Amino acid sequence: MRDETSYRTIAPYYDYIMAHVDYDAWGRYLARLWKKHGMDPVGILELGAGTCPFARRDVFPPKARVVYSDLSPFMLTQAPVLTPDCRVAANALSLPFKGPFDLCLMVYDAINYLMQEEDVSLCFKESLRVLAPGGLFIFDVTTEANSKKHFHHAVDYGEMEGCTYFRESHFDREARLQGNDFVFFVEGREGNWRKVKESHQQRIYKIDRLKALAKKAGYKVEGLFEGFTFRPGKEGSERVHFVLRKPA
Ligand SMILES: C[S@@+](CC[C@H](N)C(=O)[O-])C[C@H]1O[C@@H](n2cnc3c(N)ncnc32)[C@H](O)[C@@H]1O
């Protein structure tokens, strides 16, 4: 993602396009991860929360205070009704929070939208700053294996009320860039149709490189997990969850 204009047109259709994603199971997996690492979080900050799928589910402990944030205000406004102080448009590279939070989350490839290593380092630095000592940062990344298998010269489309979309995905292995080009045909009030394009780009980082950047930022890397398992995450995994700890 390059700027605030991405994740704009897609916002009202995002949940439909992602209807195949089992967020209930993902939420249960995340809870198992933080419990496994001895965390019972009260203050929680979600970065890149998009349309806030976890705000519609019982993912967090009942006593938890959760702040959902995303770079795109268009995505956040699709979230269920949340009070303004717990739904904040924010860039993960420059967070408008002091914390301290017990847990930071950044889920479903959101880290891959940070286009440069410097951005990832800034995100690590900022999350570390707002975490309490001993706090956890849990995020996942999509990998080269995933891009090659599912997103190289792949095309799909969908139809919903008032919108039809096409998506073309491609993976540039040299540049380690995963692109998703969308064309939306959106029905207007007068029954006319508008064609709108929106492109998303993701950087596919090497797992070892992310590990090194996290350590350099000051995190202790406590776990790398493959997909939604507790097996070790590695370069050949299609998704890897990271568990980072801010030293006490
Ligand atoms: C694939 S979506 C995931 C959204 C949500 N976490 C989910 O699971 O559905 C990636 C999200 O990352 C957000 N994003 C991209 N760059 C960001 C940044 N620098 N800071 C905060 N959010 C960002 C996008 O706006 C988008 O909502």
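Mentor: Let us start with the term that the helix packing needs: axes are lines fitted to C-alpha atoms, for helices over the stretch in contact, and angles run from 0 to 180 degrees between N-to-C directions. The model is a predicted one, and in it helix H4 (residues 117–130) packs with helix H6 (residues 207–217) at an angle of about 45°, their axes being 9 Å apart.

Trainee: Why are H4 and H6 called oblique to each other?

Mentor: Angles under 35 degrees count as roughly parallel and 65 to 115 as roughly perpendicular; the angle here is about 45°, and H4 and H6 are therefore oblique to each other. The crossing of H4 with H6 is right-handed.

Trainee: Which residues make the contact?

Mentor: With contact meaning heavy atoms within 4.5 Å, H4 contributes Glu117, Val120, Ser121, Phe124 and Leu128, while H6 contributes Arg209, Leu210, Leu213, Ala214 and Ala217. The residues of this contact of H4 with H6 comprise 7 nonpolar, 1 polar and 2 charged.

Trainee: What makes E7 and E8 a pair of strands?

Mentor: Two strands pair if at least two bridges are found between them, and strand E7 (residues 163–172) has 10 bridges with strand E8 (residues 177–187), in the antiparallel sense, so the two count as paired. Phe171 stands opposite Gln178 in E8.

Trainee: Why is one side of strand E6 and of strand E9 left without a neighbour in the sheet?

Mentor: The open sheet has 4 strands in the order E6-E7-E8-E9, paired antiparallel. Strands E6 (154–160) and E9 (193–203) stand at its edges, and because each has a single partner strand, one side of each lacks a neighbour in the sheet.

Terms used: Residues numbered from 1 in each chain as written. Predicted model: local features only at pLDDT ≥ 70, side-chain atom pairs only at ≥ 80, totals over all residues. Heavy atoms only, no water. Parallel < 35°, antiparallel > 145°, perpendicular 65-115°, else oblique. Left-handed = near helix turned anticlockwise from the far one by under 90°. Nonpolar A, V, L, I, M, F, W, Y, C, P; charged D, E, K, R; others polar.
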